[in-house]
There are 2 protein chains.
Amino acid sequence: MQKAQENSRDLVIVISGPSGVGKDATITRLKQSGLKFHHVITATTRNKRPGESNGVDYLFISRDKFQEGISKDEFLEYAEVYGNYYGVPKSEVRRGLANNTDVLIKVDVQGAITLKRKIPGAVFIFLLPPSAEDLHQRIRGRKADTEKDVGMRMGMLTEELKSLSLFDYAVVNRNNDLDKTVTMVKAIISAEKCRVNMRSVTI
Amino acid sequence: MQKAQENSRDLVIVISGPSGVGKDATITRLKQSGLKFHHVITATTRNKRPGESNGVDYLFISRDKFQEGISKDEFLEYAEVYGNYYGVPKSEVRRGLANNTDVLIKVDVQGAITLKRKIPGAVFIFLLPPSAEDLHQRIRGRKADTEKDVGMRMGMLTEELKSLSLFDYAVVNRNNDLDKTVTMVKAIISAEKCRVNMRSVTI
């Protein structure tokens, strides 16, 4: 057990939302905006997509290695989604907390539900699409998924929206106004640092 | 009873803090920054200071009129401070809520404690001086108070800080960086509008 943030103003921020809503684009833009934070890299067994790099977008590891990690309790949360493992390595979160910076974790909604139980002192932000139709078009535009995948993802949206009440904040991410989304996420982080009863996370 | 904000994103924001910390300057700068809100005018029986206008800085009313208001339960909260009455007219808060804008109330710390009980769904912001010494200099610089007043106000600071835990947020107001203070207050308002479980006020 490692106790962190007792006297600091550092936060653990969980950014979640439906597949295709723009979590990665939001985080990339947050970095570009000059906001300092430790971005926790998720481990996965899925195949790399064109343009992705190991250790930047994900830690791409083998199924054997991932299962070894599970047996050693090395993941804060993990799940098998669409036949692939995804997990948040505890070591990654601890590394951020040890460096006295805010820690940002990107997870799918199912993962966020688990994290809410494991680290309730984190700040939970749900990125919302302006509409289901908008989300559908974004996923199709990404061209990384098969038709079957697109159908599966859209079906999940209804389920995922049922978990909205577990989150602290909801931010609508409009495709053509990522700056607005980033401004809102930064406002949330600033406000949370002014809270009299500051949240804190122990792992 | 008037129910407001059921389906709106409008907030009631209470800005408080020790005398001399810069509540008025912060609110003036918030207005100048383009933020739209209904600023609730406090009623008082104290004498006008140079430069103050009735209906802008305060509703300056007689002791008789104020006491009539008390007997008719027309104040959300009121108090006698330094021998003068100060009160928040319910009609002023209702007027703001009816107009579908955020409502901002400035009160001293004692008043905020009462408001926390009366309208717990408001957002409570405590403006902090960088230090007690800084506050002392600001009050003396204002030249509106006698030496005895200055001593009284400084003595109250210790008492007032004990109530900090009742507030949602604390913002340090540095005399030479009012823009920072205003940015933080605006971030708090933006973040509160993204809350999944939105606060609401009924009067």
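## Helix H4 of chain B

In this predicted model, helix H4 of chain B, spanning residues 109-118, has as its buried residues B:Val109, B:Gly111, B:Ala112 and B:Leu115, where buried means that 20 or more other C-beta atoms, placed from the backbone, lie within 10 Å of the residue's own. Viewed down the axis of H4(B), these residues fall within an arc of 145°, so they line one face of the helix; the arc is that of the directions from the helix axis to the C-beta atoms. Helices (H or I, at least four residues) and strands (E, at least two) are DSSP runs, numbered from the N terminus.

The partners against which the buried residues of H4(B) pack include strand S1 (12-16), strand S7 (103-106) and helix H6 (147-161) of chain B, with contact taken as C-beta atoms, placed from the backbone, within 7 Å.

Residues are numbered from 1 along each chain as its sequence is written, while chains are lettered from A and ligands numbered from 1 in the order in which they are written. Because the model is predicted, local features need pLDDT of at least 70 and side-chain atom pairs count only at pLDDT 80 or more, whereas totals for chains, interfaces and linings use all residues.

## B:Val12 in strand S1

B:Val12 is found in strand S1 of chain B and counts as buried because it has 26 C-beta neighbours inside 10 Å. Leaving aside residues up to four places away in sequence, B:Val12 touches B:Val103, B:Ile105, B:Ile119, B:Ala122 and B:Val201. B:Val12 and B:Arg199 are 187 residues apart in sequence, yet their C-alpha atoms are 8.7 Å apart in space.

## Packing of H1 and H7 in chain B

In chain B, helix H1 (residues 23-32) packs with helix H7 (residues 178-194) at an angle of about 70°, their axes being 10 Å apart. The two helices, H1(B) and H7(B), are therefore roughly perpendicular to each other, a class that covers 65 to 115 degrees. On the H1(B) side, B:Ala25, B:Thr26, B:Arg29 and B:Leu30 meet B:Leu178, B:Thr181, B:Val182 and B:Val185 of H7(B).

## Contact between the chains

The contact between the chains takes 15 residues from chain A and 15 residues from chain B. On the side of chain A that touches chain B, strand S9 (169-172) and helix H7 (178-194) each supply at least two residues, and H7(A) gives the most, with 6 residues.

Terms used. Contact = placed C-beta atoms within 7 Å. Buried ≥ 20, exposed ≤ 12 C-beta atoms within 10 Å, placed from the backbone. Axes fitted to C-alpha atoms, helices over the stretch in contact; angles between N-to-C directions. Parallel < 35°, antiparallel > 145°, perpendicular 65-115°, else oblique.
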